Amino acid sequence: MVRAVVGANWGDEGKGKITDMLAREADIIVRFQGGANAGHTIINNYGKFALHTLPSGVFYSHTTSIIGNGVALDVPVLFQEVQSIVERGVPEPKILVSDRAQMVMSYHKNMDAYEEERLGGKSFGSTKSGIAPFYSDKFAKIGFQVSELFDDMLLKEKAERVAEQKNVLLEHLYHKPLIKPEELYEELKEYRRMIEPFVCDTALYLHNAMKEGKSILLEGQLGTLKDPDHGIYPMVTSSSTLAGYGAIGAGIPPYEIRKVITVCKAYSSAVGAGAFVSEIFGEEADELRRRGGDGGEFGATTGRPRRMGWFDCVASRYGLRLQGTTDVAFTVLDVLGYLDEIPVCVGYEIDGEVTTEFPTTHLLEKAKPVLKKLPGWKCDIRGIKAYEELPENCRKYIEFIEKEVGYPITMVSNGPGREDIIYRG
Ligand code: GDP
């Protein structure tokens, strides 16, 4: 059985925690898209970890972690991450890397930073992890696939060809140091040395695992609104964040994905630029940011303060729909316990008309939130295990949102730890 864990919104919904929790019952966890640009924060019996590339199931000794073909593989980051968890007492994880994954090269990261610098005030707020240049090259057919590392002749020739093309931009657009083909070739050989023991045909591995009835989790990065097709283009990421893409990015048939667990946070946060209708500012935002997540809402990769907002029913309903949600995991609800009243965005006013459907970007930029205030519950709900034990106003908040978004909330997360979860019917 294959299940996908994906995000409904802008990312940082708590997918890492939910995946880590579900991984206890899983055999294989697969990353199928994205790279080291976003992080998952996971808190378990080994401590607190920020993972960027490793799937969130690496903490269990019974699981196999797969870097699927759809991932932007940053080999040094993968290595540092493995090292950093092993140093802290986590058993050596079993990792497999798809021979069809492509690699983020150092020039991708440099060019990401140069482009942001060139755009100045109009920049995307990129984490400068090389993701956009990487995926551009993949689809322009000049990326480096892991399988190519094992063909020396090809590597040498391709290093020259790529350097020639990139150097035009580096010299004339960015005025930065040029790529030396010999150095690029050396970088590729170093990556080969690092990942050789892990490389295999992971799609075939998954095919066999499915035949044996293994339990597989696909772990998404970011959320629907960052999808290049269905998100807030162009303020999106460069690979699809949808569960549907899990089939492609892992190399499995689409009909094998039986459950789509979409993680949705009890309020909103976003990083990077782009329209964010229910955004709040000033002291109101500072307080939510300070109290949010586990120890504040700051980017797991960059440490940047996240932009904050109230729960957005319009964006979330849309996000859940595009994911093909079967189950909603509603997270960080405990954080809202300080509020007397909790505003929720129930509609967008665009040019004087109210809509409840999520529009394309140029209309989204004009949207103003229509807010409804729900009564708060004014207490700490951490530690509660049964739904009926939640305060009445807290249950009302959950049930109001469930009705608004139209998908069943089957899990409520009331704390960052593995055990902080309430299952519903
Ligand atoms: P991801 O990228 O979707 O995995 O999300 P992040 O890890 O970036 O952000 C989620 C943050 O919220 C992390 O700091 C988690 O430890 C924390 N978190 C997850 N679930 C809960 C919860 O139910 N309550 C609280 N207080 N924190 C949570």
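Helix α6 buries Leu-184, Tyr-185, Glu-187, Leu-188, Tyr-191, Arg-192, Met-194 and Ile-195. Here, buried means under 20% relative accessible area, exposed means over 50%, and partly exposed lies in between (1.4 Å probe, protein chains only). Helices (H or I, at least four residues) and strands (E, at least two) are DSSP runs, numbered from the N terminus. The model is predicted: local features need pLDDT of at least 70, side-chain atom pairs count only at pLDDT 80 or more, and totals for chains, interfaces and linings use all residues. Residues are numbered from 1 along each chain as its sequence is written, and side-chain values use heavy atoms, with hydrogens and water left out.

Arg-192 belongs to α6, which covers residues 181–195. Arg-192 counts as buried because its relative accessibility is 17%. A polar atom of the Arg-192 side chain lies 2.6 Å from the backbone oxygen of Leu-149. Beyond its neighbours within four places in sequence, Arg-192 is in contact (heavy atoms within 4.5 Å) with Leu-149, Phe-150 and Asp-152.

Just after α4, Lys-141 takes a positive phi of about 65°. Lys-128 lies in the loop between α3 and α4. Its phi is near 60°, a positive value in a residue other than glycine. At 42% relative accessibility, Lys-128 counts as partly exposed.

The loop between β10 (216–219) and α8 holds Pro-234. A cis peptide bond joins Tyr-233 to Pro-234, with omega about 10°. Leu-222 lies in the loop between β10 and α8. Leu-222 is not a glycine, yet has a positive phi of about 60°. With 12% relative accessibility, Leu-222 counts as buried.

A nonpolar core is a set of buried Ala, Val, Leu, Ile, Met, Phe, Trp, Tyr and Cys residues joined through side-chain atoms within 4.5 Å. The largest has 39 residues. Those with the most contacts inside this core are Leu-288, Phe-311, Phe-330, Leu-333, Leu-336, Tyr-397 and Ile-398. Elements giving two or more residues are α9 (282–291), α10 (313–323), β16 (327–331), β17 (341–350), α12 (392–405) and β20 (409–413). Helix α12 gives the most, with six residues. A second, separate core has 38 residues, including Phe-49, Met-105, Tyr-107 and Val-162.

Tyr-60 sits in the loop between β4 (47–51) and β5 (64–67). At 10% relative accessibility, Tyr-60 counts as buried. The Tyr-60 side chain makes a polar contact of 3.1 Å with the side chain of Arg-418. A polar contact is a pair of N or O atoms within 3.5 Å; within protein, one must be able to donate a hydrogen and the other to accept it, and residues adjacent in sequence count only if both atoms are side-chain atoms. Tyr-60 and Asp-20 are 40 residues apart in sequence and 8.7 Å apart in space, C-alpha to C-alpha.

The ligand is surrounded by 21 residues (a heavy atom within 4 Å). The closest are Gly-16, His-40, Thr-41, Asp-334 and Ser-413. A side-chain N or O atom of Ser-413 is 2.5 Å from a ligand oxygen atom. For the side chain of Arg-306, the corresponding distance is 3.1 Å.
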